[in-house]
Amino acid sequence: MTMGTSTVTRRAALFAGAGILATPLLATGARYARAEPPMLGPARPTHYRFPLGDFEITMLHDGARQLDGPYPIFGEDQDPADVAAYAEENFLPGHRMEISFAPIVVNTGQELVLFDTGNAAGGQPDVGNTVERLEAAGYGADQVDLVVITHFHPDHIGGLMRDGGPAFPNARYAVGRVEYDWWTSDAPVGTPREGQVGLIESNVVPLAEAMSFIEDGEDVVSGISAVAAFGHSPGHMAFHLESNGNRFLIFADATNHYVMSLQRPDWHVVFDQDKDMAIESRRRLLDMLASERIPAAGYHMPFPAVGFVERVQDSYRWLPASYQLRVESGD
Ligand SMILES: [Zn+2]
């Protein structure tokens, strides 16, 4: 009885208090006009980190670029209207798209390994931020021990050099043997790829003395091995990580769009140099990811670009990782 009375009394006092406060606040708002809050523009995360066994993996957001598409970048062998309709069916704009870029840092406990370097700094707006993102994630460019390049397209090698010198001054490098040999031979001459050779001459060739040239199945460091995934470029490489029984695949550009490349893996992609070989590599890696249920990262998947691949009939679906990689075992 007493308690009940007391509660009612207290509540009445609270309401009374609120009433007393409300009136002067409203009046104050009317008398002193405050500046309207400024619009700050879109914001994104700059990095994302999680453990893998004894390794620690940090995804970096080099930036993103918007352009017309998905057709003909994706589905160039399809009817343009079908590609636009398929994008819209998947809650994407039919005629605009975004490509983002996600270099990866793997701390093995012994070495800091950077996979791909992003776009050239100071070029196009909103990209070329890999060094800044590395610093935001807690590392200096001079701490990188090894830079692994998955292939020689500009969005992967653009960040190798900065201000006329190596962007990662203490690093050695690992690049695919097949990729290096193709781009530094006469093969690109007279092909649509010829225009990219200049960047390879300025950003890759000067570092050759500090480079190891890797083949399919070779380790770049203990626990990280190369997996040939040719087609997107002549010597495009994926990388398999394993630490303490935990596996992970860096599939780089074997798939380039989380909807178009996974759900329609046979559609031709403008960026794939050998379309049939790229489809074979894409399906082989996606098959492996789906059947072995291992987590993966793709350079152009939506940031933080980490997820799983599910098989759906004869194609696949990208499932972005949520907390799976952060959950500690309960026992
Ligand atoms: Zn790429």
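Author: A helix here is a DSSP run of H or I with at least four residues, a strand is a run of E with at least two, and both are numbered from the N terminus. Just after helix H2, Phe-91 takes a positive phi of about 65°. Residues are numbered from 1 along each chain as its sequence is written. The model is predicted, so local features need pLDDT of at least 70 and side-chain atom pairs count only at pLDDT 80 or more, while totals for chains, interfaces and linings use all residues.

Reader: What pLDDT does the protein chain average?

Author: On this scale of the predictor's confidence in each residue, from 0 to 100, the protein chain averages 92, and 90% of the residues score at least 70. Over residues 1-8, however, the pLDDT is below 50, and beyond near neighbours in sequence this stretch has zero contacts in the model, a contact being two C-beta atoms, placed from the backbone, within 7 Å.

Reader: How many helices and strands does the protein chain have?

Author: The secondary structure comes to eight helices and 18 strands. Of the 331 residues, 40% count as buried.

Reader: What makes the buried residues of H2 line one face of the helix?

Author: The buried residues of H2 (residues 80-89) are Val-83, Tyr-86 and Ala-87. Seen down the axis of H2, they fall within an arc of 100°, so they line one face; the arc is that of the directions from the helix axis to the C-beta atoms. The face turned away from that side carries the exposed residues Ala-81, Asp-82, Ala-85, Glu-88 and Glu-89.

Reader: How do you know what span the 18 residues of H8 should have?

Author: The expected span is 1.5 Å times one less than the number of residues. For H8 (residues 275-292) this should be 26 Å, and because the end C-alpha atoms are 26 Å apart, the two agree. Its buried residues are Ala-278, Ser-281, Arg-282, Leu-285, Leu-286 and Leu-289. They fall within an arc of 120° seen down the axis of H8, so they too line one face of the helix. Asp-276, Ser-291 and Glu-292, on the other side of H8, are exposed.

Reader: Which elements do the buried residues of H8 pack against?

Author: They pack against strands E14 (237-243), E15 (246-252), E16 (296-298), E17 (306-312) and E18 (315-320), and against helix H7 (260-263). H8 runs at about 95° to E17, an angle between N-to-C directions of axes fitted to C-alpha atoms, for helices over the stretch in contact, on a scale from 0 to 180 degrees.

Reader: What makes E12 and E18 edge strands?

Author: Two strands pair if DSSP finds at least two bridges between them. The open sheet of seven strands has the order E12-E13-E14-E15-E16-E17-E18, with mixed pairing. E12 (219-221) and E18 each pair on one side only, and are the edge strands. Inside the sheet, five bridges join E14 to E15, which run antiparallel, and the bridge partner of Glu-242 in E15 is Arg-247.

Conventions:
Buried ≥ 20, exposed ≤ 12 C-beta atoms within 10 Å, placed from the backbone.
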